[in-house]
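Hi,

Here is the structure I promised to pass on. Have a look at it first, and my notes on what turned up follow below.

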Amino acid sequence: MSDTIFALSSGRPPAAIAVLRISGPAARTAAEALAGRCPPPRRASLRTVRDAAGAPLDRALVLYFPGPATATGEDLVELHCHGGRAVVAAVEHALAALPGLRPARPGEFTRRALENGRIDLAQAQGLADLLEAETETQRRTALAAAEGAVGRAVAGWLDRLSAIAARVEAQLDFADEADVEDAGGYDPAPAISALLAEWHATLAAPSVERLRDGIRVVIAGPPNAGKSSLFNALVDRDAAIVTPIAGTTRDILEAAVMRDGIPYRLTDTAGLAEATDDEVERIGIDRAAAAIASADMLLWMGAPAVAPRGAVILAGKADLPDTGSNDADLAVSARLPDTVAALWALLADRARMMLAIDGDMALRQSQRDALADAAAALDLAARTSDLLIVAEQLRVATRPLAGLLGRDATEAMLDALFGRFCLGK
C-alpha cells in the first residue's frame, strides 16, 4: 500500500485561497481527523479545521473524491483554506502530525496519476511543459499534450502497427487456417509506407524544446563590421562592448529575447579574421565558427561573395555612405531604428515558418528520438519482402513507441494478434 501524501497545490502564500491536497489510502481518515465527518463525494462543505488538540486552525471548504476516478487514481481530499502563511503552515503541520501521512515529493501527484493509469507518459510530459510555457504557442502545444493529443497519436500508431504485425504473423504462422482473413496474400507495404509518411511529417515539425528555447540567431562576419552594435540594438541594452577597435569582441555573447510571442536566442560572435597570432582571438574565432554551424538563422555582416549558404546578408552601418547595400538582403544600422525594426520583421517571418506546426501537436526531443528509432525499424521493414524480417522490424518499431506511453509492447502485440483474428489457438 502506498503512502498518503499531502502538499500545497496552489501558489505559495499569501493568497486569497490556498488549496492543500491529500492523496492516498488514508486521505479520508486524515480529512475526518482534521475536519470531522467527511462530506459526500464531490460536494464542497464548509468545516472547521482543527489540530490534534482540537484547537481551530481555519474555516475551510473540504472536498472528498473517492478513488480510482480521481486525478491520482487514489482517494483524494482537498482543503480550500485561507491563503495566509500562518494558516497554511498550521494546516501543513497538523497534516504532518497524523500517522501515515508525509509531505509529497516534487511531481509525486502526477507520478501517481501515471502509475495508476490516469494519464500516460506523454500527458505527464505535456503537463510539465504546460507549467513552463511562456508563449501562446508553447501553451497551446503543451496543453494539447497534457490533454492527450500526443498519447492519442502514439496509441493510434501502435494500433496500426499491431494490426499490420498481426496480419503478417497470421500469414507466417497460420496460412493453413481457413478462418484467417487474407492468410495467403497480405501485402504490408502500403500500410507501412503510410505510417512512415506520417512519422516523417511529424519529425519535420519543430520540437517542444525549439518552441521553448527559441530560434538561435547568430550574428557573424569580419572584425569591425558592426556586429556588436547591432546585437545591442536587437537586445535593447548595452550587452556587448563596442569600440572602433577591430577585434573588440573576443568571445561569443548570448541573450534571450521574447518578441511578439516568439522566443529568440541571439548570439554575437568574434570577428572572423583570416589569420591571427593572438591565441585568445583564435579561440574566439573557433567559437564563432561553432556558433555559425549551430545557428537556426545566420545574419552575415560581411562580403556577400563569402557568405555561408542560407545566411541573411546584412549591410551594416547603413547610416554611413557606401555601405555596399546593393548586394545585401537588408541594410541596417544600430543608429536607425527603422532598419532594426525591418530586421525584426524579417526574423519574425522566418521564425514563424520554423516554428509552424500542423495542429497543436509537438514532440519533445526524447519523443522524437523514440519516433526516429521506430521509423528506422519501419524503414527496414519497407525495404524487404521477407515477412520474417518485416515481422521482426515491426516488433522493433513497436517498442520505442510503447515506451512513450509506458505500455508493455509485447502485451499490445499479443492482444492484437489473438483478439482481432480469433485464431482460437
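**The largest cavity**

The residues lining the largest cavity are Asp129, Glu132, Ala133, Gln138, Thr141, Ala142, Ala145, Val208, Leu211, Arg212 and Ala362. Before you read on: this is a predicted model, where local features need pLDDT of at least 70 and side-chain atom pairs count only at pLDDT 80 or more, while totals for chains, interfaces and linings use all residues. Residues are numbered from 1 along each chain as its sequence is written, and side-chain values use heavy atoms, with hydrogens and water left out.

Back to the cavity. About 110 Å³ of space lies in there, and a search of the whole structure finds one cavity of 30 Å³ or more. On a 1 Å grid over the protein atoms alone, a cavity is a set of points where a 1.4 Å probe fits but cannot get out, and lining residues have an atom within 4 Å of a point. Grid points are joined across faces, edges and corners, and the volume is the space filled by probe spheres set on the points. Helix 4 (121-132), helix 5 (136-146) and helix 8 (208-213) each give at least two residues to the lining, and helix 5 has the largest share, with four residues. Helices here are DSSP runs of H or I with at least four residues, strands are runs of E with at least two, and both are numbered from the N terminus.

A pocket is an open set of points with protein on both sides within 12 Å along at least five of seven lines.

**Salt bridges**

How many salt bridges does a search of the whole structure find? There are 18, counting a side-chain nitrogen of Lys or Arg within 4 Å of a carboxyl oxygen of Asp or Glu.

- Asp3 and Arg102 meet at 2.9 Å, N to O. Asp3 sits in the segment before strand 1 (4-8) and Arg102 in strand 6 (residues 101-103), so this pair links parts of the chain 99 residues apart. Arg102 is buried at 17% relative accessible area, whereas Asp3 is partly exposed at 40%. Buried means under 20% relative accessible area, exposed over 50%, and partly exposed in between, with a 1.4 Å probe and protein chains only.
- Arg160 and Glu198 form a salt bridge with their closest N and O atoms 2.8 Å apart. Arg160 is in helix 6 (residues 149-173) and Glu198 in helix 7 (residues 189-204), so the pair ties together parts that are 38 residues apart in sequence. Arg160 is partly exposed at 31%, and Glu198 is partly exposed at 33%.
- Glu392 pairs with Arg395 at 3.1 Å between the closest N and O atoms. Both lie in helix 13 (residues 387-405), three residues apart, which is about one turn of the helix.

There is also a network of salt bridges, linking Asp3, Glu74, Arg102, Arg105, Glu108 and Arg112.

Six strands make an open sheet with mixed pairing, in the order 8-9-7-10-11-12. Two strands pair if DSSP finds at least two bridges between them. At the edges are strand 8 (253-259) and strand 12 (330-331), each pairing on one side only.

Strand 10 (residues 297-300) and strand 11 (residues 312-315) run parallel and are joined by two bridges, with Ile313 as the bridge partner of Trp300. Strand 11 also pairs with strand 12 in the parallel sense, over two bridges, and there Leu314 stands opposite Leu330.

Which way do the side chains of strand 11 point? Val312 and Leu314 go one way, Ile313 and Ala315 go the other, and all are buried. In a regular strand, side chains alternate between the two faces of the sheet.
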